[in-house]
Structure formats: structure tokens, C-alpha cells
Amino acid sequence: GSRTSVKGREDLTKVYITADSFDYKTFFVKVGLNSKSKDQLAQVFGILDQDRSGFIEEDELKLFLQNFSASARALTDAETKAFLAAGDSDGDGRIGVDGNFNTMLGKSSYYTKFKQSTGL
């Protein structure tokens, strides 16, 4: 089977070697995820959703970079929690495919909400 993958971006994961250096917003821009179609985003979501639950849970987010490069490090707890908080619109501790994943990828409505909630 020709399973769609997001591998082949070895160089990008090396940027985040240092603990707590990962920033999902700049990462999405660098890999072009913020300009993908809804279908492409659904494919990416399917890759990240390792257990096929329809949600990306904290343990799957922790290994996020390893979807791009097998040798990448796991995210730190702080990075994982910040990433999770960004996409978890209903506070259930996971990111659903039903829009909050798409909005997390730099769509303006989400970004506005994020700025309001964080005061940035």
C-alpha cells in the first residue's frame, strides 16, 4: 500500500533538537501545513492519529516530530501541552479532526482566539 506519509523533511526536525525549542506555528509554516487543502490536512491528521481514534491525544502529539523524521526527539511535556492546548478547543485533552485541527494550522479565526486567550 502506498500510505501517504509526511516523511522526507529530515532537515526541519534538526531545527528542534534543543528541548523546548519546538513551536508548532513556525513548524506548520515551514512544512507548508498552514496552506494545505482540507483533504491534505485530513491525510496529515490520519498519520498523526496513530490509534485511529479520530483524535490526536497527548501521547501521539509527544511523538509528533517522529512522523517527519524517525530520528527526531519526542516533544517535552511543556511543548506537548502547549501544542495540545492550541488545538483542544473543547478542553477534553485531545485534538479532534472536526475543525480544531484545521483551525490550529494558522487559520485566522483560531489565531485570533489564541491571541485573545493568551494575551499575546
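User: Where in the protein is confidence lowest, and where is it highest?

Analyst: The general idea is that pLDDT gives the predictor's confidence in each residue, from 0 to 100. Here the mean is lowest in helix α7 (residues 108-118), at 49, and highest in helix α4 (residues 58-62), at 94, where helices are DSSP runs of H or I with at least four residues, strands are runs of E with at least two, and both are numbered from the N terminus. Over residues 108-112 the pLDDT is below 50, and this stretch has six contacts in the model beyond near neighbours in sequence, a contact being heavy atoms within 4.5 Å. The protein as a whole averages 77, with 72% of the residues scoring at least 70.

This is a predicted model, in which local features need pLDDT of at least 70 and side-chain atom pairs count only at pLDDT 80 or more, while totals for chains, interfaces and linings use all residues. Residues are numbered from 1 along each chain as its sequence is written, and side-chain values use heavy atoms, with hydrogens and water left out.

User: Which residues of helix α3 are buried, and how are they placed around the axis?

Analyst: An α-helix has 3.6 residues a turn, so residues three or four places apart point the same way. In helix α3 (residues 38-48) the buried residues are Leu41, Val44, Phe45, Ile47 and Leu48. They lie on the same side of α3, because they cover an arc of only 160 degrees around the axis, taken from the directions from the helix axis to the C-beta atoms. Buried means under 20% relative accessible area, exposed over 50%, and partly exposed in between, with a 1.4 Å probe and protein chains only.

User: Which residues does UniProt list for "binding site"?

Analyst: The unreviewed UniProt entry lists Asp49, Asp51, Ser53, Phe55, Glu60, Asp88, Asp90 and Asp92; such positions are given in the numbering used here, feature names are shortened, and annotations may be inferred rather than shown by experiment. Asp49 is in the loop between α3 and β1 (55-57), and counts as buried at 5% relative accessibility. Glu60, in helix α4, is buried at 8%, and among the residues that Glu60 touches, not counting those up to four places away in sequence, are Leu48, Asp49 and Phe55. The side chain of Glu60 also reaches the backbone nitrogen of Gln50 at 3.0 Å.

Conventions. A polar contact is a pair of N or O atoms within 3.5 Å; within protein, one must be able to donate a hydrogen and the other to accept it, and residues adjacent in sequence count only if both atoms are side-chain atoms.
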